[in-house]
Amino acid sequence: MVGFVPTMGFFHEGHRSLLRAARAECDVAAVSIFVNPLQFGPGEDLASYPRDVDRDLAIADAEGIDLAFMPHVEEMYPGGTPEVTVDPGPLAQRLEGASRPGHFRGVLTVVAKLFQVVGRSRAYFGEKDFQQLVLVRRMVNDLSFPVEIVGCPVSREPDGLAMSSRNVYLSPEERQAAVCLYEGLRAAAKRVHDGDRGVEQVVAEIADRIDAEPLAELDYAAVVDEATFEDVDRLEGPARALVSATVGKPRLIDNVRLDPA
Ligand code: PAF
């Protein structure tokens with residue numbers, strides 16, 4: 001079995017955990033490093049997206065990865081911006097999709113192309129981009145790709161901040177403030193653990209924590225069904241709490257599982 005980890009590079013511990021899982025579970029382990037222009041909107045950080053290919057290759061090597069695929073933009077999109085793309089469907093209009101129009105069309109289009117290159121395989125995605133993970137699973141089911149999707153837990157800094165390549169944009173003060181996303185989610189998970197089943201209160205718990213942080217601005221807080229990504233009214237089965245907020249320059253996202261059992 002081929003284990004495949006699609007990435008945009010600038011590796012951190014989150015990427016390493018995906019590389020390790022692919023290495024441990026598969027005969028051949030491959031990574032792709034490609035900053036995909038199609039998934040960046042106008043005014044987003046395509047030009048400044050952090051890159052360090054030499055360091056990434058050294059990390060891939062240290063993790064025992066057999067193969068790194070690092071195409072140029074012209075190789076991936078030889079005819080320029082593609083006219084035929086993957087329609088990500090209605091789920092992609094919500095949350096991240098509402099804030100970043102066109103983003104998931106770009107993600108699914110490049111992931112579909114990468115899956116064509118790699119073929120039958122097991123592909124590893126981080127749960128930090130939870131909506132992306134759900135959409136990739138759906139694409140694989142709906143379009144019958146011969147790829148098994150594996151979701152891997154969010155990797156966190158010691159204070160709980162979800163690891164992200166974009167964390168390098170944070171100033172020291174913003175870096176301290178950024179932990180409010182995880183703190184809000186943790187408070188929400190505790191509320192559910194303590195018996196609260198009302199989604200409104202859970203969402204308010206997250207929003208209140210972000211609103212209390214002067215350097216952060218809430219984009220959304222939501223609770224969705226884990227499998228369908230539909231909104232839920234009451235917590236009766238496993239669900240995900242998701243949050244997005246701008247802290248200084250970057251928009252950060254994070255999520256945790258809510259387990260009412
Ligand atoms: O999660 C990412 O790094 C990207 O969205 C992906 C899946 C590599 C597609 O460009």
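Predicted model: local features only at pLDDT ≥ 70, side-chain atom pairs only at ≥ 80, totals over all residues.

Visitor: Ligand first. Which residues are around the ligand?

Guide: The shell consists of Pro6, Thr7, Met8, Asn36, Gln39, Val110, Phe125 and Gln132.

Visitor: How many of the shell residues are nonpolar, polar or charged?

Guide: The shell has 4 nonpolar residues and 4 polar ones, with no charged residue.

Visitor: How much of the ligand does the protein bury?

Guide: The protein buries 88% of the 290 Å² that the ligand exposes when taken alone.

Visitor: Switching to helices. At what angle do α8 and α9 cross?

Guide: Helix α8, residues 180-193, and helix α9, residues 199-211, cross at roughly 150°. Their axes come within 8 Å.

Visitor: So is α8 roughly parallel or roughly antiparallel to α9?

Guide: Roughly antiparallel, because the crossing angle is over 145 degrees.

Visitor: Left-handed or right-handed, where α8 passes α9?

Guide: The crossing of α8 past α9 is right-handed.

Visitor: How do α5 and α6 pack?

Guide: Helix α5 covers residues 103-118 and helix α6 covers residues 130-142. Their axes are 11 Å apart, at an angle of about 50°. That angle is why α5 counts as oblique to α6.

Visitor: And the handedness of the α5 and α6 crossing, left or right?

Guide: α5 and α6 make a right-handed crossing.

Visitor: Now backbone angles. What is phi of Phe10?

Guide: Phi of Phe10 is near 55°, which is positive although the residue is not glycine.

Visitor: Where does Phe10 lie?

Guide: Phe10 is in the loop that runs between β1 (2-7) and α1 (13-25).

Visitor: What about phi of Phe229, and where is that residue?

Guide: Phe229 also has a positive phi, near 65°, in a residue other than glycine. Phe229 belongs to the loop between β6 (216-225) and β7 (239-247).

Methods: Residues numbered from 1 in each chain as written. Heavy atoms only, no water. Near = heavy atom within 4 Å. Areas by Shrake-Rupley, 256 points an atom, 1.4 Å probe, with all protein chains shown as cover. Nonpolar A, V, L, I, M, F, W, Y, C, P; charged D, E, K, R; others polar. Axes fitted to C-alpha atoms, helices over the stretch in contact; angles between N-to-C directions. Helix = DSSP H or I, 4+ residues; strand = E, 2+ residues; numbered from the N terminus. Parallel < 35°, antiparallel > 145°, perpendicular 65-115°, else oblique. Left-handed = near helix turned anticlockwise from the far one by under 90°.
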